[in-house]
Amino acid sequence: MSAAGISFEKVTETLSADDRAVVAALHQKALDWGYSPSFTPGAKFGYYKGEYKKTSKGGSLFILRLEGPKWFLKPKLFHLDVYSDLLEALPDPIRTRFLKSRGCGMDMGNCKGPVRFRFADVDHAFCRHNMQLSRLGPDDLPAVLALLEREKDLSL
């Protein structure tokens, strides 16, 4: 049960069995690392946001967006410049979609600026709040978990 009183089972009930298994693996790994989820309802029925934080004052490792039968991961990869080489392990379609994440326009009043990194000889500056990994399957988990684990280790 999350801090908001919404269970993991409730927020994942509309996902396919395959998607539920991938999301459950991410959820369990975050719990193993000491992160706690807080699930809140979204604007539409069946939409939820799950934020995984270390403490109530600490930053989040990732946000799960669950929208009915679809879901995506918003990783908080604020130190990506240190381990951008790990992007190479992402399957090509996942990496390509990730590298199309929204650039930073510094349009949020409280923004600390973009996450800057270099990958494949190209400089990137992503909005720290809009990096996204979508359409993940079981085979994508090792590479995604490696990114999250590296961020976790640098965020301590």
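Over how many bridges do β1 and strand β2 (residues 47-53) pair, and in which sense? β1 and β2 pair over six bridges, in the antiparallel sense. The legends below describe close-up views of a predicted model.

**View 1. The β1-β2 hairpin of the predicted model.**
Strands β1 and β2 make a hairpin, with five residues between them. G46, in the turn, has a positive phi of about 85°. With a relative accessible area of 32%, T40 is partly exposed. The C-alpha atoms of T40 and V11 are separated by 9.2 Å, although these residues are 29 residues apart along the chain.

**View 2. The five-stranded open sheet.**
The strand order of the sheet is β1-β2-β3-β4-β7, and the pairing is antiparallel. β1 (36-41) and β7 are the edge strands, each pairing on one side only. On this sheet packs helix α2 (residues 17-32), which touches β1, β2, β3 and β4. The direction of α2 makes about 30° with that of β4. Strands of a sheet pair through backbone hydrogen bonds, in a parallel or an antiparallel arrangement.

**View 3. Strand β4 and its two neighbours.**
Of the six residues of strand β4 (residues 70-75), five are buried, so β4 is largely enclosed by the rest of the structure. Strand β3 (residues 60-67) runs antiparallel to β4 and is joined to it by six bridges. In this pairing L64 stands opposite L73 of β4. The two strands form a hairpin with two residues between them, and G68 in the turn has a positive phi of about 60°. Strand β7 (residues 133-134) is also antiparallel to β4, with two bridges joining them. Here F72 stands opposite S134 in β7. In a regular strand the side chains alternate between the two faces of the sheet.

**View 4. Helix α5 on the sheet and against helix α2.**
Helix α5 (residues 141-154) lies across β3, β4 and β7. The helix runs at about 140° to β3. α5 also packs with α2, at an angle of about 25° and with the two axes 11 Å apart. Because angles under 35 degrees count as roughly parallel, α2 is roughly parallel to α5. Their crossing is right-handed. On the α2 side the contact is made by V22, A25, L26 and K29, which meet L141, V144, L145 and L148 of α5. By residue class, this contact of α2 with α5 has seven nonpolar residues, no polar residue and one charged residue.

**View 5. W33, in the loop between α2 and β1.**
Is W33 buried or exposed? W33 has a relative accessibility of 13% and therefore counts as buried, the limit for that class being under 20%. Apart from neighbours within four places in sequence, W33 is in contact with K54, L61, L145, L148, E149 and K152. Among these contacts, L145 and L148 are also residues of α5 that take part in the meeting with α2.

**View 6. K54, in the loop between β2 and β3.**
K54 and W33 are 21 residues apart in sequence, and their C-alpha atoms are 8.5 Å apart in space. K54 has a relative accessibility of 35% and counts as partly exposed, whereas W33 counts as buried. Leaving aside neighbours within four places in sequence, the contacts of K54 are W33, G34, Y35 and G59.

**View 7. R95 in helix α4 (residues 92-98).**
R95 has a relative accessibility of 12%, and so this residue counts as buried. Which residues does R95 touch, not counting residues up to four places away in sequence? The residues touched by R95 are L87, E88, L90 and F119.

Key:
Residues numbered from 1 in each chain as written. Predicted model: local features only at pLDDT ≥ 70, side-chain atom pairs only at ≥ 80, totals over all residues. Heavy atoms only, no water. Buried < 20%, exposed > 50% of the residue type's maximum accessible area, 1.4 Å probe, protein only. Helix = DSSP H or I, 4+ residues; strand = E, 2+ residues; numbered from the N terminus. Pairing = 2+ DSSP bridges. Contact = heavy atoms within 4.5 Å. Axes fitted to C-alpha atoms, helices over the stretch in contact; angles between N-to-C directions. Parallel < 35°, antiparallel > 145°, perpendicular 65-115°, else oblique. Left-handed = near helix turned anticlockwise from the far one by under 90°. Nonpolar A, V, L, I, M, F, W, Y, C, P; charged D, E, K, R; others polar.
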